[in-house]
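User: Hi! I have a model open here and would like to talk it through with you. Could you take a look?

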Amino acid sequence: MTKELMWIVFGLVVAAVLIISVLSKTRFNAKKVAFIGISAGLSYIAYLYFRIPIGHGTSIHLGNTFVALTALLLDGVSGGLAGAIGLSLADIAAGDPGYAITTFILKFIIGVTCGTVAHRVLKINTLKKEKQYKKFIIFVVISAAAGLLLNVFTDPVLGYFRNRFIFGQDVTLASIGAKIASFGTLINSLLSTAFASVIYLALKPALDKADLLSNVSADEKVKDSRAVKPAKA
């Protein structure tokens with residue numbers, strides 16, 4: 001596939017993800033956009049400047065940490081967008097527009113999965129952290145791991161099709177790349193799960209105390225759902 005066609009496909013992928021984000025009815029405001037931008041920048045830096053290449057386009061890095069962290073702090077769509085933007089830009093800066101196509105999809109999936117498990121399934125924001133702290137920690141780790149470990153399966157699969165149909169590799173070479181990606185992605189997922197969980201547990205109380213997450217996090221949805229509806233006249 002030519003680079004021109006890669007850019008067209010990348011544009012279509014970005015448009016599709018943005019449409020999905022809008023359809024999810026996730027609320028955005030200036031503060032949330034700022035959080036997403038900061039997380040995207042941290043993902044970019046963590047990947048581009050702190051990575052260890054292990055071959056076939058795969059590397060050990062901590063970029064996914066901030067995808068899960070943003071999903072835990074805000075919501076799944078915000079986490080997915082932060083990772084998709086930051087890490088696809090890192091691929092482009094590294095001269096890999098073909099990788100940016102699958103990166104944008106994969107990071108969005110990580111964020112949405114982490115956020116869904118954290119805020120809709122386990123409802124981590126409803127736990128009384130003083131009385132249920134052990135349960136809270138376990139739920140945070142499970143939420144982070146949900147999306148990151150899912151990536152252990154989705155990354156090699158999408159990577160195989162990328163190598164075959166975007167890069168034009170033969171079946172054998174694409175299969176080897178997928179196997180290497182499986183190993184690298186597993187290491188990345190375990191590391192990012194640990195780092196995202198630790199950073200979240202350390203950062204969340206400080207952000208709550210400073211009231212920096214008001215009107216941007218899933219906490220607001222919890223408050224809204226508990227609001228008393230006015231009686232009908």
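User: Leaving aside its neighbours within four places in sequence, which residues is His61 in contact with?

Analyst: His61 is in contact with Ala46, Tyr47, Phe50, Arg51, Asn188 and Ser192, once the neighbours within four places in sequence are set aside. Contact here means heavy atoms within 4.5 Å. Before we go on: this is a predicted model, where local features need pLDDT of at least 70 and side-chain atom pairs count only at pLDDT 80 or more, while totals for chains, interfaces and linings use all residues. Residues are numbered from 1 along each chain as its sequence is written, and side-chain values use heavy atoms, with hydrogens and water left out.

User: Thanks. Where is His61 found, and is His61 buried or exposed?

Analyst: His61 is in the loop between β2 (58-60) and α3. The elements are DSSP runs numbered from the N terminus, with helices (H or I) of at least four residues and strands (E) of at least two. His61 counts as buried because its relative accessibility is 7%. For the cut-offs, buried means under 20% relative accessible area, exposed over 50%, and partly exposed in between (1.4 Å probe, protein chains only).

User: What does the side chain of His61 reach?

Analyst: The His61 side chain reaches the backbone nitrogen of Gly63, at 2.9 Å.

User: Switching to charges: how many salt bridges does a search of the whole structure find?

Analyst: The search of the whole structure gives 2 salt bridges. The criterion is a side-chain nitrogen of Lys or Arg within 4 Å of a carboxyl oxygen of Asp or Glu. Lys32 pairs with Asp75, with the closest N and O atoms 2.7 Å apart. That pair links distant parts of the chain: Lys32 sits in helix α2 (residues 30-48) and Asp75 in the loop between α3 (65-73) and α4 (76-93), 43 residues apart. Lys204 pairs with Asp208, where the closest N and O atoms are 2.8 Å apart.

User: Are Lys32 and Asp75 buried or exposed?

Analyst: Both Lys32 and Asp75 are buried. In the Lys204 pair, Lys204 is buried, as its relative accessible area is 3%, whereas Asp208 is partly exposed at 34%.

User: And why are Lys204 and Asp208 separated by about one helical turn?

Analyst: Because they are 4 residues apart in helix α7 (residues 171-209), the separation comes to about one helical turn. An α-helix has 3.6 residues a turn, so residues three or four places apart point the same way.

User: Nice. Now helix α1: how many residues does it have, and how far does it reach?

Analyst: Helix α1 (residues 3-23) has 21 residues and reaches 30 Å from its first C-alpha to its last, close to the 30 Å expected at 1.5 Å a residue. The expected span is 1.5 Å times one less than the number of residues.

User: Which residues are buried in α1?

Analyst: Met6, Phe10, Val13, Val17 and Ser21 are buried in α1. They lie on the same side of α1, because they cover an arc of only 75° around the axis. The arc is that of the directions from the helix axis to the C-beta atoms. On the other side of α1, Glu4, Leu12, Ile19, Val22 and Leu23 are exposed. The cover over the buried residues of α1 includes α4, α5 (97-121) and α6 (133-166).

User: What about residues with a positive phi that are not glycine?

Analyst: Lys25 has a positive phi of about 65° although it is not a glycine. Lys25 lies in the loop between α1 and α2 and is exposed, with a relative accessible area of 73%. Asp211 also is not a glycine and has a positive phi of about 60°. Asp211 lies in the loop between α7 and α8 (219-226) and counts as partly exposed at 47%.

User: One more topic. Which residues touch the most other members of the largest nonpolar core?

Analyst: Of its 46 residues, Ile124 and Tyr200 touch the most other members. Helices α1, α2, α3, α4, α5, α6 and α7 each supply at least two residues of this core, and α5 gives the most, with 8 residues. A nonpolar core is a set of buried Ala, Val, Leu, Ile, Met, Phe, Trp, Tyr and Cys residues joined through side-chain atoms within 4.5 Å.

User: Where does Tyr200 lie?

Analyst: Tyr200 lies in helix α7 and counts as buried, at 0% relative accessibility. Beyond neighbours within four places in sequence, the contacts of Tyr200 include Leu69, Ile124, Phe136 and Pro205.

Key
Polar contact = N/O pair within 3.5 Å; in protein donor to acceptor, adjacent residues only side chain to side chain.
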